[in-house]
Amino acid sequence: MSISTHGAARGHDELGQVFAALADPTRRAMIEALLREGTTSVPRLTAELPITRQAVAKHLATLDHAGLVERAPASGREVRYRLRDGALVSAGAWLADAESAWESRLARLKGAVERRR
Amino acid sequence: MAERTEERAAQPSEAAARREVEIEASPEEVWEALVTEGGRERWLQAPEREIQIEVVQEPSRLVWWWTGEDEPPTRVEFEIVSVPAGTRVIVTESEPAFPISLLAQSFARVAA
């Protein structure tokens, strides 16, 4: 099945971590900020989001653990974070695989049901 | 759009593949092809994955969990809607956070 190909680039546990990390709206907002701005930091995210500094740091740690973000080379004393290269590719690949598999399955479902009429 | 029921809203997953198709047949005919093993054999072609049914709302909504040795568990939801030309089937496959899907599997085992 075409759906079984999605684990090729990344282990299933890792992919599960990526999805789990992306399942939280706050963490998605952080990813969006990174897509928009390139790098970010705990103080900057704390100013943008309605959560505490501690919560920001915790969410960043989750994103880091899932391999989605990494520390950017230091500029000054502030620790900055950026998206890890290719981090979102495997999640996107899973979706593309799953949608293409369902495209075929639904076409077969349609054929099977309509043939029996 | 069909309204989101409570137990669906409780799912935190946002990584979801979504596809739909229109079939010239009644919702009941489509339902039979989705809910029965014999019906699924005619089109699903995924024998390596085990199906555990979570929600059965005949003939408008069906949810199953898909598990397989080499696959992460996924949740597959079908919405079956009557339309003038026949029936629209909307399928959403999502890969929820692991603890939730494993929890669902253990519930399914207890219920079985």
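Predicted model: local features only at pLDDT ≥ 70, side-chain atom pairs only at ≥ 80, totals over all residues.
**Entry 1: confidence**

The predictor gives the complex an ipTM of 0.76 and a pTM of 0.59. For chain A I found a mean pLDDT of 82, with 85% of its residues reaching 70 or more. Among the elements of chain A, helix α1 (residues 12-22) has the lowest mean pLDDT, at 75, while α4(A) has the highest, at 94. I marked residues 1-10 of chain A, where the pLDDT is below 50, although this stretch has 20 contacts in the model beyond near neighbours in sequence.

Chain B averages a pLDDT of 78, and 70% of the residues score at least 70. Confidence in chain B is lowest in helix α1 (residues 6-9), at a mean of 39, and highest in helix α2 (residues 27-35), at 97. Two stretches of chain B went onto my list: residues 1-13, where the pLDDT stays under 50 and the model has 14 contacts beyond four places in sequence, and residues 97-107, where the pLDDT is below 50 and the model has 17 contacts beyond near neighbours in sequence.

**Entry 2: the elements of each chain**

I then listed the secondary structure, and for chain A it comes to 5 helices and 3 strands, in the order α-α-β-α-α-β-β-α from the N terminus on. Chain B has 4 helices and 5 strands, and from the N terminus its elements run α-β-α-α-β-β-β-β-α.

On burial, I noted that buried residues make up 30% of the 117 residues in chain A, and 28% of the 112 residues in chain B. I also looked up how far apart in sequence the contacts reach: of those in chain A between residues at least 6 apart, 57% join residues at least 24 apart, and in chain B residues 24 or more positions apart account for 50% of the contacts with a separation of 6 or more.

**Entry 3: helix α2 of chain A**

I checked the length of helix α2 (residues 25-37) of chain A, whose 13 residues reach 18 Å from the first C-alpha to the last, close to the 18 Å expected at 1.5 Å a residue. In α2(A) the buried residues are A:Arg27, A:Met30 and A:Leu34. They cover an arc of only 50° around the axis, which puts them on the same side of α2(A). As a reminder to myself, an α-helix has 3.6 residues a turn, so residues three or four places apart point the same way. On the other side of α2(A) I found A:Pro25, A:Glu32, A:Leu35 and A:Arg36 exposed. The helix is followed by A:Gly38, whose phi is positive, near 90°.

**Entry 4: helix α4 of chain A**

I repeated the check on helix α4 (residues 53-65) of chain A: at 1.5 Å a residue its 13 residues should span 18 Å, and its end C-alpha atoms are 18 Å apart, which agrees. Its buried residues are A:Val56, A:His59, A:Leu60 and A:Leu63. Seen down the axis of α4(A), they fall within an arc of 100°, so they line one face of the helix. A:Gln54, A:Ala61 and A:His65 are exposed on the other side of α4(A). Just after α4(A), I noted that A:Gly67 takes a positive phi of about 80°.

How many bridges join strand β2 (residues 50-57) of chain B to strand β3 (residues 61-68) of chain B? I found 7, and the two strands run antiparallel.

**Entry 5: the nonpolar core**

Last, I looked up the largest nonpolar core, which has 40 residues; those with the most contacts inside it are A:Val18, A:Ala21, A:Leu63, B:Val30 and B:Val89. Helix α5 (residues 89-115) of chain A gives the most to this core, with 8 residues. In soluble globular proteins, nonpolar side chains tend to be buried together.

A:Leu63 had already come up as one of the buried residues of α4(A).

Key: Residues numbered from 1 in each chain as written. Chains lettered and ligands numbered in written order. Expected span 1.5 Å × (residues − 1). Buried ≥ 20, exposed ≤ 12 C-beta atoms within 10 Å, placed from the backbone. Arc of directions from axis to C-beta. pLDDT = per-residue confidence, 0-100. Contact = placed C-beta atoms within 7 Å. Core = buried A, V, L, I, M, F, W, Y, C linked by C-beta atoms within 7 Å. Pairing = 2+ DSSP bridges.
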